[in-house]
Amino acid sequence: MAKNAICHQCGKPLPPTTRRHARFCSPAHRRAAYRAHNPDPRRACARFLADVDAKKPAAPYVAIMRDERFPGMYRLKRADGTQSDIGNLTRAKDALAAMRGR
Ligand SMILES: [Zn+2]
């Protein structure tokens, strides 16, 4: 072992039992040095799609309307013209009442 050999990762002196050309004091520091120079793209910071998850608040409900396909089922019409999911009349009335603050 070379005299005054130090670990390239932590800078501490290598243990006397290391092999002659050792550069790191431990396998953990060898891996750490490798990762520092070869970052794994899969472990990079998580990527989030912009604006996809930013759910806009839905327009308020303005009316209850019958579903065109299923008799006895209803949807809520929103102020922007879109429709809610399907539900029965009780659910639709409850949702509309909740939106209006009872
Ligand atoms: Zn070290």
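Guide: Along the chain, the donors of the zinc ion are spaced as C-x2-C-x14-C-x3-H; donors here are N, O and S atoms within 2.8 Å of the metal (3.2 Å for Na, K and Ca), and water is not among the atoms, so sites may look incomplete. This is a predicted model, in which local features need pLDDT of at least 70 and side-chain atom pairs count only at pLDDT 80 or more, while totals for chains, interfaces and linings use all residues. Residues are numbered from 1 along each chain as its sequence is written, and side-chain values use heavy atoms, with hydrogens and water left out.

The zinc ion is held by the SG atoms of C7, C10 and C25 together with ND1 of H29, at 1.8 to 2.3 Å. For comparison, the ideal angle for four tetrahedral donors is 109.5 degrees.

C7 counts as buried because its relative accessibility is 2%, whereas C10 is partly exposed, with a relative accessible area of 32%. The words follow set limits: buried is under 20% relative accessible area, exposed is over 50%, and partly exposed is in between, using a 1.4 Å probe and protein chains only.

Leaving out residues up to four places away in sequence, C7 touches K12, L14, R23, F24, C25 and H29, where contact means heavy atoms within 4.5 Å. C7 also belongs to the largest nonpolar core, whose six residues are A5, C7, L14, A22, F24 and A33. Such a core is a set of buried Ala, Val, Leu, Ile, Met, Phe, Trp, Tyr and Cys residues joined through side-chain atoms within 4.5 Å. In soluble globular proteins, nonpolar side chains tend to be buried together.

One of the partners of C7 is R23, so let us step over to it. R23 sits in the segment before α1; helices (H or I, at least four residues) and strands (E, at least two) are DSSP runs, numbered from the N terminus. With a relative accessible area of 46%, R23 is partly exposed. Besides C7, R23 is in contact with I6, H8 and L14, once neighbours within four places in sequence are set aside. From R23 to G11 the C-alpha distance is 10.0 Å, and the two are twelve residues apart in sequence.

T18 is also found in the segment before α1, a helix that covers 27-37. T18 is buried, at a relative accessible area of 17%. Its side chain reaches the backbone oxygen of P15 at 2.9 Å, and a polar contact is a pair of N or O atoms within 3.5 Å; within protein, one must be able to donate a hydrogen and the other to accept it, and residues adjacent in sequence count only if both atoms are side-chain atoms.

Finally, step back to see the whole chain. There are two helices and two strands, and along the sequence they follow the pattern α-β-β-α. Of the 102 residues in the chain, 16% are buried. Among contacts with a separation of 6 or more, 12% join residues 24 or more positions apart.
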